[in-house]
Each structure stands twice: as C-alpha cells, then as structure tokens.
Amino acid sequence: MIKVSIIITNHNYSKYLNRSIRSAFVQNYPVEKYEIIVVDDASSDWSREIIESYGRLIEAIYLDRNVGLAAARNIGIKAAKGRYVLFLDADDYLSRDMIYIESMFLDLNPEWDAVACDYYLIDDNEEIIGRNSCLEIPIACGIMFRKEKLVDIGMYDESFKMHEDKDLQIRFSKKFNLRHIELPLYRYRQHDSNLSRNEALSKRYMEKLKSKHNLK
C-alpha cells in the first residue's frame, strides 16, 4: 500500500536532478510505502537520460510541451497513488527523515490536513548558507498534503506561472488546516537559475495574486 507520493517536477535541471532523485530514494521509510514520480516538463537538456537511468524504480512522466510548474504539479497529483503528497523541486533535495517525520505527524494528527517544515538554504556546493521558517518565508515544497484535500480545492491554478504556491496555500488555508514542524527537513538550493530571481515575472504574478485574493 503506497502511503506517500513524492512528486519531483523538472525543467532543464539535469545539473541537479540526480541529487534530488537520490534524496528521495534514501528516505528512512519503508520502500514499499512510498513512490517517486518525476514529471519532466519538456526538458531539452540531459534530464531524460538521467530519469531513464532509474528504470522502473520511479514513475516517469514526460511532457511533450512546456506547461509550467503549476500544470506539471497537477499532472503529478493526478498520477499519485499515495494518501499523502509531497512536492520536491528538481534543484532541491530532502533530508533522510523527511517523509518519516511528516507522515507520522499526519498519521497521529487526523485534524491536520497538511504539514510544513522549515528549510535550509544551500549553495551550489550544498553548503548551508541560512535557515528559514516556513511560517515567515513559505515555499511550495517541504509540505506534505493529504491528497484528497488538494483535489478538493482544485489543485494548482495553472494560470499562474509564478507564485502558484502562494495562491494554493491561500486557498488551502481558507478551508483546511496547515500546520508547522519547526525542523529544517528540506534543502532549498539558491543559484542563478532560480525562477524566483525573475523580478519582472514575479511582479506580474504578484499583482495577479493580489487581485485574485483582494490582498493589499
């Protein structure tokens, strides 16, 4: 019985992808109870070769055209067999106890609909350069959701090309209970190719977010 689905979304991050997948493989959790789904969003680099090297150990989904992060995550959610869903970006990675701890919190707290953890900021050499609280500076990944709750709110809004995570968390928190574990279980890599560094795109979709939710 699959309990947890780790969904890795990737677009041209072959440089980091293997590290991300390996971190999902070495979890301190029974291998028969979780799955790894990699959604490749029409990469043009060496990503496909890396994914194919894992054979049937992972479920690979290759998209013929670039649909964006929100749509790629929705495809992963629809394919997931697990009761719980965890998102992992292809340039990031997980601590070994990630799914053990977060799934235990959801198992033991049925009133929790999702649980988020803190995260370390790392550089290209995987050196820790900071630590952030997911309450103060939230990110899309490192959150384990009950899958049916994500489906209930309509999953990600695919019209967002940035800040889709903020939109989802606003809608999720209006209806469901998102809680916090004060442990840095996620590793968020900072590099020059981070989409979040695109200031013009970020401003455009922040305005869209404010308009949609009547934010100031």
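## How open is Ile137?

Here, "buried" means under 20% relative accessible area, "exposed" means over 50%, and "partly exposed" is in between (1.4 Å probe, protein chains only). At 43% relative accessibility, isoleucine 137 therefore counts as partly exposed. The model is predicted, so to speak of local features takes a pLDDT of at least 70 and side-chain atom pairs need 80 or more, while totals for chains, interfaces and linings use all residues. Numbering runs from 1 along each chain as its sequence is written, and side-chain values use heavy atoms, without hydrogens or water.

Isoleucine 137 sits in the loop that joins β7 (128–132) to β8 (143–146); helices (H or I, at least four residues) and strands (E, at least two) are DSSP runs, numbered from the N terminus. Beyond its neighbours within four places in sequence, isoleucine 137 is in contact (heavy atoms within 4.5 Å) with Tyr119 and Asn132. Alanine 60 is another matter: 77 residues separate it from isoleucine 137 in sequence, and the C-alpha atoms of the two are 31 Å apart.

## The loop between β2 and α2

Let's turn to the loop between β2 (34–40) and α2 (47–52), where alanine 42 is found. Alanine 42 has a phi near 55°, a positive value in a residue other than glycine. With a relative accessible area of 22%, alanine 42 is partly exposed.

Aspartate 41 belongs to the loop between β2 and α2 as well.

## Charged pairs across the chain

Side chains of opposite charge can pair when their charged atoms come close. Counting a salt bridge as a Lys or Arg side-chain nitrogen within 4 Å of an Asp or Glu carboxyl oxygen, the model holds 15 salt bridges. One of them joins aspartate 107 to lysine 3, at 3.0 Å from N to O. Because aspartate 107 lies in helix α4 and lysine 3 in the segment before β1 (4–10), this pair ties together parts 104 residues apart in sequence. Aspartate 107 is partly exposed at 34% relative accessibility, whereas lysine 3 is buried at 16%.

A salt bridge also connects arginine 189 with glutamate 126, their closest N and O atoms being 3.6 Å apart. Here strand β9 (residues 178–189) supplies arginine 189, and the loop between β6 (114–122) and β7 supplies glutamate 126, 63 residues apart. Arginine 189 is buried, at 3% relative accessibility, while glutamate 126 is partly exposed, at 30%.

Aspartate 157 pairs with lysine 212 in a salt bridge whose closest N and O atoms are 2.8 Å apart. Lysine 212 is partly exposed at 38% relative accessibility. Both residues take part in a network of salt bridges that links Asp157, Asp167, Arg171 and Lys212.

Methionine 155 is found in the loop between α5 (147–152) and α6 (164–175). Its phi is near 60°, positive in a residue other than glycine. Is methionine 155 buried or exposed? At 13% relative accessibility, methionine 155 counts as buried.
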